[in-house]
Structures are given as C-alpha cells and as structure tokens.
Amino acid sequence: MRRTLSLLSALVAVAGLTSGVAVAAAKTPKVLVIGLDGARFDKLIAADTPNVHALANRGFVSRSSLYGSGMAPTVSGPGWSTILTGVWPDKHKVKDNSFTGNDLASHPSWLARAETANPALDTYAAVDWTPIGDRILRTGQDRKFVLNGDSAGYEKTDEQVAVDAEKHLKQDKADASFVYFGQTDIAGHEHGADSSQYEASLRTDDALIGRLLAAVDARADRANEDWLIMISADHGHTASGGHGGDSPEERMTFVIAAGGAVPAGTPAVAPKIVDIAPTVLRHLGIAAPAVYDGYPLGAVPSDVFDSAVLKSRQDETGVPAGVLGWTHDAPGGWTVRNASGMPAGVTEWQGWAFTTDDFWTRTAPGQQREANARARGVFAVADPDEWDDKGSPSSRGTFDSSLVSPSLDVSGKSTVDVAFVSHYRQEGTQRGALTASFDGGPEQNVLAYGPESGTANKAGDVLSVPTSASVRVPAGARSVKLTWRLYAAGNDWYWAVDAPRFSTR
C-alpha cells in the first residue's frame, strides 16, 4: 500500500498538483528591444506619447548619459554598437559612423550571443539604418529586415519596418527581437529638438510602439509568455538640431523597461545603456560574458559613495542652481585630508569632492570628463584644473589632497585586494598615488600616476579604466587604510575614482 501511495504522489507531482492546488507552469521568456534614433528623453516624456508612458508606468524608467569626448562622439555608430554589444566604445572601437577600425568581431550583439547560446531561439532584427544591419548585426539573427532610410526616407521606411515587425511579433516564436526607427533623428537634424516637427516625430514613434505592443498582446499564447520590453536611444539632440558633442542634451539617453525581473520605478542610481544587453540575456536565461561593461537592471552592485548627501553649486555658476552634485563630506567612514599649505581655490574642488556626472561635466564641457563612462551615481574627484579657476591658487602653491578609506581588518590575512574605476588625466608635474598604511605606519606605494610613473599611456591619461591591485600584508598587521592622493598639481587635470572594492585573503 505504501508503494502504491508513493506512485500516486509521483503522478500527482508530474501533473503539477500539490495538495489539490495547481502549480503554474513557468512562462516562456520573450524579449523586444525598441530603438528610437535621436530621441531625447525629456522631450519624449513631455510629448503626448501614451504608449511610452504606459510602459514606463508599469515598469522601469530612467534618464541616462552617454560617454563623450575622450571615448567617442555622440553619434549613431558608437551609440547603437554600445546598446547592442553591452560594452563601451573603448572595447568595440566604433568611434564614428564610418566604423573604421572597429572590433565588433570580438563583441557580437546580444542577439548573436543569444543565438549562439541557444540555437533554438528565434532571433530577429528590423532596422532602416543600414550600418546597423551591415556592421553591428552582420550575423546572429534567424531573420533580418534591413532598409535604407537615408535614401528612401525614414517616414516611409519606419512604416515598413513596423509592418514587418508586427507580422513577426504576431506569428513567429519571436524569442528575441530588436526593432529600430530612425525618423526622430532626421526631425532633430532638420528642425531641432525644440521644434514642433521633432515633437510630432516622437508622437509617430509612440504610435509605432503601440502597434508593436498590440502585436505582442495579440499573440495566440500571450498568457503563457513573459515579455521583457525595453526602449532606448543612441543619443539626444540640441535645441537647434544636431549631435556629436558633449552637451547634456547631446549625451542624453534613457532606459525604459517592463517585464521579467526588471524592478519598477525610477532608480536612485541611473542605469547605463550597456545594461540593456545583460538585462536581455538574464531574461533569456543566458549568462552574460565577463567582458560586458553593464549589469542587469536591478543588479548593479552597491557603492558607498552613492550615500553622499550632495549640495547645489557655490562657485561653479555655470552649473544650474537646481543641480545637486557635490560635497566634501565623505560617506561611510571615508576621510578627505588636504595638505595644510594647500591654497584656497574654487570651493567645490577644494580637495577631493564627491560629485555626479551631471554636475562635474557641466563645469567645463569638452575636457574628457564625459569619458568617465564606467562611473555611476556619485563618485570621488580631485580636480586641480577647476580648483585653479578662482584666484589662481596654483600661483601660491600646489593642489595636494588625499582620500582615505575606512580601516580594514587584515588580522591573519596575507593579501589585500583593491579594485576601483579610475579616470585620470595627466599634465605637468601632477602626480597621483594609491598607498597603503598598516596599523598607522608609513605609506607604502601601491599604484602611481604621473609623468614618469610608467603606469599611464604616453599621453599620461588613463581614462575610465577598471583598476585593481594587491598589497602584501606584513606579518602581524591588524588593519590597513588605503589612500588615493593627488598632489604636486597646479592648473593641471584631474583624477576621478568610483566603486572601490576591498577583499582579503
């Protein structure tokens, strides 16, 4: 009798029944990413775009910022390459719309990675800017619909893209799809982002998005599918039209997403467009490659600097008064220590400060601060270039400031590992150093930057680089503090540091 009952229990489990309650079968994951070329986030949200608003209201929505000078201009080639490959331009090496010298062969699209990981997936792309189809998506889709909007006109070809995509989304397996519309970028070039024509193009985009969403909802097995829908853009536009530069309006992009494991609401720390690819792969159950620069939405590691309480401008009158973006009050046990003889300069940059991309890049656009793409949220900056802009303090002395970590327990350990994002520009006699002090003892050099350090490239710059080092723990040591010091600097450049991580072994 006991064996018969066991067999019956097994049959019940197979049938998906437990204690008389049906167990829901897992839904099939599906992904649709929609690209809107040149769509500025603020204009998109302000416009009459009900389908975009409905998606944002039930999911995730956030403005984001691109790289800028020092990494790549804000144009379509680098933008779409970044969205589709999950890595920044310094990896995929698309630096303009010519695609000259690119390394896309080493960094395939997320569609291609999905196809490789699971050939049974139905992968699809529909675009009407041919370089996307010919260069970025040259392989890795089961079907690809490519038109040339440059010659035929994007209003016409966007409609054709929508028709093909609607059919695909209604009738095919449609496991992973990318659909691109280009007409808003043309409206921006011809009329400017402040124009009625630009707003009208955003409304047209919204209508096309509505058609795609309706096609998804009309699927025969929609109730058993888990759809992740994402929308993003490759760059923004100036008020009068155009892009490629470093202004906040040209660097403006966004991520809107709903479905799967994507959290709802507006995050405290803005995402990056490199987060789209790993979010797609997570939803499809595919491991993201280690080379990716992004994280799935909702899975970005916490960063102690993001707890800093920021202020509005004081001396930096070029920054809008409403932009909160700096403080010298170090968070979470960190300390800022300025040399006693360091002259006073611009208040915001009187030693290491905690700041944001939006605040820092507005202080002096076009000086490669925008290339600090791997920093997120709040990061630490020592900026003698801006410090010197009030009263020329470098004529009276040098910039010398240290950022000191909390004390870390190393009892019984042999090694301390430190990792952080470093964005450093070298000029003149300026030097940067990472040092370690055990039990309050003398500073030991760990890393060095400067004119003869040998750690930088020939120009002295190390821009937005994941950096790591290991330090041997002396016998019997119980604690260590790590210090980032920028010194011997006049009207020179800067050092930005983000996401410090420590471990012992």
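Reader: Is Thr-49 buried or exposed?

Author: This is a predicted model, in which local features need pLDDT of at least 70, side-chain atom pairs count only at pLDDT 80 or more, and totals for chains, interfaces and linings use all residues. Residues are numbered from 1 along each chain as its sequence is written, and side-chain values use heavy atoms, with hydrogens and water left out. Buried means under 20% relative accessible area, exposed over 50%, and partly exposed in between, with a 1.4 Å probe and protein chains only. Thr-49 has 0% relative accessibility, so Thr-49 is buried.

Reader: Where is Thr-49 placed, and which residues does Thr-49 touch, not counting residues up to four places away in sequence?

Author: Helices (H or I, at least four residues) and strands (E, at least two) are DSSP runs numbered from the N terminus. On that basis, Thr-49 sits in the loop between helix H2 (41-46) and helix H3 (50-57). Contact means heavy atoms within 4.5 Å. With residues up to four places away in sequence left out, Thr-49 touches Leu-44, Leu-202, Arg-203 and Asp-206.

Reader: How many residues of helix H4 (residues 76-85) are buried?

Author: The buried residues of H4 include Gly-77, Pro-78 and Trp-80, and also Ile-83 and Leu-84. Just after H4, Gly-86 takes a positive phi of about 80°. Helix H4 is mostly covered, and the number of its residues that are buried is ten of ten.

Reader: What is the phi of Phe-99, and what is the phi of Ala-488?

Author: Most residues other than glycine have a negative phi. Phi is positive in both residues, near 65° for Phe-99 and near 55° for Ala-488.

Reader: Which residues does Val-33 touch, not counting residues up to four places away in sequence?

Author: Val-33 belongs to strand S3 (residues 28-36) and is buried, with a relative accessible area of 2%. Its C-alpha atom is separated by 10 Å from that of Val-255, which is 222 residues apart along the chain. Beyond four places in sequence, Val-33 touches Trp-110, Ser-177, Phe-178, Val-179, Met-230, Ile-276 and Val-280.

Reader: Why does the protein chain count as compact as a globular protein of its length?

Author: The protein chain has 14 helices and 21 strands. The radius of gyration is taken over C-alpha atoms, and the globule rule is 2.2 Å times the number of residues to the power 0.38. For 505 residues the rule gives 23 Å, so the chain is as compact as a globular protein of that length because its radius of gyration is close to this, at 26 Å.

Reader: What distance separates the centres of domain 1 and domain 2?

Author: The chain is divided into domain 1 (28-284) and domain 2 (304-504), with bounds from an automatic or database domain assignment. Their contact takes 20 residues from domain 1 and 17 residues from domain 2. Taken over C-alpha atoms, the centres are separated by 35 Å.

Reader: What percentage of the contacts in the protein chain with a separation of 6 or more is between residues 24 or more positions apart?

Author: Of the 505 residues, 53% count as buried. Among contacts with a separation of 6 or more, the share from residues 24 or more positions apart is 72%.
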